[in-house]
Structures are given as structure tokens and as C-alpha cells.
Amino acid sequence: MNERRAIQPRGLRRIEAAGYVGVSPTKFDEMVRRGDMPAGFHVDSIRLWDRQDLDVCFGLLKDGAEREMEDIRL
């Protein structure tokens, strides 16, 4: 039996990038405008987001939220 694994793309389009970080495309656009998420880059006419960049930005958001919760508890 030949098993084929699904390829996990590194470059994500807008809707995929939004889904990857767990928000709607509209919320994702807002986060990009605020600088919370990367702006992405163009490959010809296609805008892509690098999954690794999204991971870094998501981690920074999480770290910031955790620090805010610590401040509230103090």
C-alpha cells in the first residue's frame, strides 16, 4: 500500500493565512494593518504569507497577552 502525505505549503494565501492563525480574513486584514501580522509578499500577482513568519508573529501576540494577564494578576 502506497501512502501519500499531504503537502503542507509554506506560502499561504490571505484566506489560508487567516485560517492558519484562527481568525476571519477581515480580522486578519486588520491585524496586518496594525502590524500584528506580516504584510506578506508578492510572487507575480499573488500575495503570499510565509507560514514561519505567521508563527513568529502569533507567538509574539501570545507572549504579549500572557504578559498582560500577569500584570492584571499583580
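## A buried aspartate and its partner

D50 is buried, at 14% relative accessibility. The model described here is predicted. D50 forms a salt bridge with R10, and their closest N and O atoms are 2.9 Å apart. Where do R10 and D50 lie? R10 is in the segment before β1 (11-12), while D50 belongs to strand β3 (residues 46-50). The pair therefore ties together parts that are 40 residues apart in sequence.

The two partners differ in accessibility. R10 counts as partly exposed, at 47%. D50 falls under the 20% cut-off for buried, so its 14% places it there.

## R51 at helix α3

R51 lies in helix α3, which covers residues 51-73. Is R51 buried or exposed? R51 is buried, because its relative accessible area is 18%, and buried means under 20%.

Which residues does R51 touch? Leaving out residues up to four places away in sequence, R51 touches Q8, P9, R10, L12 and Y20. One of these, P9, is 42 residues from R51 in sequence. In space, the C-alpha atoms of R51 and P9 are 8.1 Å apart.

## Y20 in helix α1

Y20 is found in helix α1, residues 14-21. Its relative accessible area is 33%, so Y20 is partly exposed. Y20 touches L12, R51, L54 and D55, again not counting residues up to four places away in sequence.

L54 is 34 residues from Y20 along the chain. The C-alpha atoms of Y20 and L54 are separated by 8.3 Å.

## Where α1 meets α2

Helix α2 spans residues 25-34. The axes of α1 and α2 come within 9 Å. They cross at roughly 90 degrees, which means α1 is roughly perpendicular to α2.

Which residues meet here? From α1 come R14, I15, A17, A18 and V21. From α2 come P25, T26, F28 and D29. The residues of this contact divide into 6 nonpolar, 1 polar and 2 charged.

## A charged network

How many salt bridges does the whole structure hold? A search finds 5. Side chains of opposite charge can pair when their charged atoms come close.

E30 and K27 are 3 residues apart in α2, so about one helical turn separates them. E30 also meets R34 in a salt bridge, at 2.7 Å from N to O. R34 and E30 both lie in α2, 4 residues apart, about one turn of the helix. Salt bridges that share partners join K27, E30, R34 and D36 into one network.

How accessible are these residues? E30 counts as partly exposed, at 30% relative accessibility. K27 counts as partly exposed as well, at 33%. R34 is partly exposed too, with a relative accessible area of 47%.

Note on methods. Residues are numbered from 1 along each chain as its sequence is written. This is a predicted model: local features need pLDDT of at least 70, side-chain atom pairs count only at pLDDT 80 or more; totals for chains, interfaces and linings use all residues. Side-chain values use heavy atoms; hydrogens and water are left out. Helices (H or I, at least four residues) and strands (E, at least two) are DSSP runs, numbered from the N terminus. Buried means under 20% relative accessible area, exposed over 50%, partly exposed in between (1.4 Å probe, protein chains only). Contact means heavy atoms within 4.5 Å. Axes are lines fitted to C-alpha atoms, for helices over the stretch in contact, and angles run from 0 to 180 degrees between N-to-C directions. Angles under 35 degrees count as roughly parallel, over 145 as roughly antiparallel, 65 to 115 as roughly perpendicular and the rest as oblique. Ala, Val, Leu, Ile, Met, Phe, Trp, Tyr, Cys and Pro count as nonpolar, Asp, Glu, Lys and Arg as charged, and the others, Gly among them, as polar. A salt bridge is a side-chain nitrogen of Lys or Arg within 4 Å of a carboxyl oxygen of Asp or Glu.
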